[in-house]
Amino acid sequence: MKRAIYPGTFDPITYGHLDIIERSSRIFDELIVGILVNNSKQPLFSVSEREEMIKEAVAHMNNVKVMSFHGLLVDFARAQDASFLVRGLRAVTDFEYELQMTQTNKVIASDIDTIFLTTSLKYSYLSSSMVRELASFGADISRFVPENVTRKIKDKYKVEN
Ligand code: ADP
């Protein structure tokens, strides 16, 4: 049984994340989307809001679970009996940080491997922070995030449509 964790902040989940989730759910027997609870960041959405939005967006994939976790990613992976981590690569700018994190994880947990999926071209520019910024100015973000997320963001920013 090949189980993988796809970790991230997902504030909020975008079509770029969903693309990585869909593709990795076909590679692994089970995929756990792991929402990192990071107390040093001030997120737009609470962990439970993010969890609910992701659950709705992945409901059509029956081998994908959604959980949140504190602390070290490799400890969470071991606790879930997952031997793989999945990360998405958008551009060269992602690479250095991802390489450093992957090598660090490999040193502290040699039994866990990280698999990178390069983003689909049509989502290569897309990030949660860009979506938040556009939404804060009232721009239409329906091309970037699932419909349930568009609705939630509109509520957050009280954008009239
Ligand atoms: P983090 O804060 O850990 O970067 P994110 O929620 O931003 O978490 O992203 C989680 C993962 O998804 C990361 O591996 C990131 O590179 C990847 N990712 C984010 N946006 C996209 C996208 N548009 N296409 C492919 N991968 C993406």
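V58, located in the loop between α2 and β3, is in contact (heavy atoms within 4.5 Å) with L18, I21, V64 and V66 when neighbours within four places in sequence are left aside. Helices (H or I, at least four residues) and strands (E, at least two) are taken here as DSSP runs numbered from the N terminus. The structure is a predicted model, in which local features require a pLDDT of at least 70 and side-chain atom pairs a pLDDT of 80 or more, whereas totals for chains, interfaces and linings use all residues. Residues are numbered from 1 along each chain as its sequence is written, and side-chain values use heavy atoms, with hydrogens and water left out.

With a relative accessibility of 3%, V58 counts as buried, a class defined by under 20% relative accessible area, as against over 50% for exposed and values in between for partly exposed (1.4 Å probe, protein chains only). V58 is also one of the residues with the most contacts inside the largest nonpolar core, together with I21 and I54; such a core is a set of buried Ala, Val, Leu, Ile, Met, Phe, Trp, Tyr and Cys residues joined through side-chain atoms within 4.5 Å. This core comprises 31 residues, and the elements that give two or more residues to it are β1 (3-8), α1 (15-27), β2 (30-36), α2 (47-57), β3 (64-69), β4 (84-89), α5 (128-136) and α6 (147-157). Apart from it lies another core, of 11 residues, which includes L73, V74, F76 and A109. In soluble globular proteins, nonpolar side chains tend to be buried together. Residues up to four places away in sequence not being counted, I54 touches F10, I13, V33, I35 and V66.

Most residues other than glycine have a negative phi, and most peptide bonds are trans. A positive phi of about 60° is likewise assigned to D81, which is not a glycine; D81 belongs to the loop between α3 (73-79) and β4 and, at 59% relative accessibility, counts as exposed. D81 and V58 are 23 residues apart in sequence, and their C-alpha atoms are 21 Å apart in space.

The axes of α2 and α6 come within 9 Å and cross at roughly 155°, the axes being lines fitted to C-alpha atoms, for helices over the stretch in contact, with angles from 0 to 180 degrees between N-to-C directions. The two helices are therefore roughly antiparallel, a description applied to angles over 145 degrees, while those under 35 count as roughly parallel, 65 to 115 as roughly perpendicular and the rest as oblique. The contact is made by E49, E52, M53, E56 and A57 of α2 and by N148, V149, K152 and K156 of α6. The buried residues of α6, namely N148, V149, T150 and I153, pack against α2 and α5. Just after α6, K158 takes a positive phi of about 50°.

Within helix α4 (residues 92-108), N105 counts as buried at 12% relative accessibility and touches L73, V74 and L85, not counting residues up to four places away in sequence. E98, also placed in helix α4, is buried with a relative accessible area of 5%; its contacts, neighbours within four places in sequence being left aside, are with R87, L89 and F116.

Five aromatic pairs are found in the whole structure, where rings of Phe, Tyr and Trp (its six-membered ring) pair if their centres lie within 6.5 Å, and planes under 30 degrees apart count as stacked, over 60 as edge-to-face and the rest as tilted. The ring centres of F28 and F84 are 5.3 Å apart and the planes lie at 40°, so the pair is tilted. Because F28 is in the loop between α1 and β2 and F84 in strand β4, this pair ties together parts that are 56 residues apart in sequence.
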